[in-house]
Amino acid sequence: MLNIKFFILPVLTFSLYFLNFGSCYALFEENDFQKKIHKILADHGLSEDDDVLPIEPEQSILPLAGQNAEPALKPKEVTNWPQNKLPHLGEVSGVSVNRVGQPVIFHRGPRTYNDWSFNETNDFRFINEGPIDIDTVLTLDPKTGNVLSSWGRGFFYLPHGITIDHEGNTWLTDIAMHQVFKFSPGASRPSMTFGQKFQHGSGARKLCMPTSVAVSTNGYIFIADGYCNSRILKFDYGGELIRIYPQSWEFLSLQIPHSLALMEQYDLLCIADRENMRVTCVKAELNGYNAGVQPTSLNIQQPDLGRVFAIAAYGDYIYAINGPTSQMIPIQGFTLNPLTESIVDHWDTFAQKMWMPHDIAITPDGREMYIVSVIPSRILKFTMETPARKTTN
Ligand SMILES: *[C@@H]1O[C@H](CO)[C@@H](O)[C@H](O)[C@H]1NC(C)=O
């Protein structure tokens with residue numbers, strides 16, 4: 001009881017302050033004092049308009065016990081892979097890994113994504129050119145890089161993201177169609193479709209240039225939507241919308257969520273928040289909606305991170321790649337520890353090989369990693385090396 005009393009008193013004081021003076025606020029830019037008050041209210045999960053009610057104590061998003069259990073793996077490029085040039089390879093926008101550890105890529109064939117692809121209202125200009133008429137989804141041999149199988153012709157207009165989930169379903173996003181599709185293994189038609197073809201919107205039934213999908217092992221579907229709406233939609237297994245990030249009361253502003261990664265052991269959904277030049281992780285709420293508890297977010301934002309194009313999770317770490325940002329910020333790979341909100345390693349610069357790396361994927365066993373780029377059309381393979389342990393004599 002004592003705790004609650006001490007908690008309510010300062011909040012009440014601030015609220016009275018707002019009651020008296022709130023009406024004047026609109027006239028002025030927010031000054032430092034007001035910012036401080038807003039921060040305190042926000043830290044307690046209150047808006048200016050909230051009634052003063054006891055709320056649950058602030059919960060830390062951090063399961064502290066899990067910090068730094070194992071050192072991060074070190075990616076090392078496999079040279080001369082793929083061994084042969086891939087035929088008709090276009091801009092490679094997405095990569096995922098299937099359940100048997102084979103890389104699967106999503107590419108644009110002869111089509112390109114550039115400043116002219118969409119008009120000012122986010123409508124695709126080249127609908128009348130029809131869908132891409134070559135296979136856009138290629139499964140590659142991890143040893144040689146040769147194409148093992150392919151599909152996805154005559155359907156997609158402008159491929160973006162690919163995710164293969166734990167059941168082997170393939171989730172594909174098409175930014176021109178403003179849609180996301182779920183393909184069951186071996187299926188030629190989608191078993192689920194999100195959004196309406198060539199119709200963008202910001203409500204519950206339409207998307208706008210969706211970028212990426214993540215699926216939890218208990219079936220929640222997260223869609224990063226995307227270039228125009230900058231929000232994340234969470235659906236249940238049956239496709240029922242259950243959550244939008246951010247909610248209006250959440251202290252979370254996304255600028256082109258471009259890639260998603262789940263860290264289920266920490267109940268975290270991590271987002272490559274590209275134009276904010278950061279990775280932010282929010283509560284995935286995989287055990288259901290956590291009413292009343294304010295989620296806080298973890299943020300990794302460092303000067304050299306630049307525009308983060310893609311992320312993949314393995315173990316306690318997020319592996320990230322940035323893309324063109326400025327002359328001062330090299331294009332490279334990063335290992336991030338979301339729990340400590342820090343960069344723990346830089347592991348490669350792609351300057352000579354990739355001008356615009358676009359996606360990253362790690363095999364389920366954590367031994368291999370793939371990175372694809374749209375310019376030039378390319379895929380690189382890495383092995384994940386265990387760092388030498390320090391030994392004591
Ligand atoms: C963009 O294209 C759509 C579809 O053709 C059209 O309805 C819309 O008016 C266009 N917007 C602009 C600003 O030209």
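This is a predicted model: local features need pLDDT of at least 70, side-chain atom pairs count only at pLDDT 80 or more; totals for chains, interfaces and linings use all residues.
Residues are numbered from 1 along each chain as its sequence is written.

Q: Why is Ser230 called buried?
A: A residue is buried if 20 or more other C-beta atoms, placed from the backbone, lie within 10 Å of its own, exposed if 12 or fewer, and partly exposed in between. Ser230 has 20 C-beta neighbours inside 10 Å, and therefore counts as buried.

Q: Why is Asp267 called partly exposed?
A: Asp267 has 19 other C-beta atoms within 10 Å. Partly exposed covers the values between the two cut-offs, so Asp267 is partly exposed.

Q: What is the phi of Ser230, and where does Ser230 lie?
A: Ser230 has a positive phi of about 45° although it is not a glycine. Ser230 lies in the loop between β11 (221-225) and β12 (231-235). Strands are DSSP runs (E, at least two residues), numbered from the N terminus.

Q: What is the phi of Asp267, and where does Asp267 lie?
A: The phi of Asp267, which is not a glycine, is positive at about 55°. Asp267 is in the loop between β14 and β15 (268-273).

Q: What kind of peptide bond joins Tyr245 and Pro246?
A: The bond is cis, with omega about -10°. Pro246 is in the loop between β13 (241-245) and β14 (257-263).

How values were computed
Helices (H or I, at least four residues) and strands (E, at least two) are DSSP runs, numbered from the N terminus.
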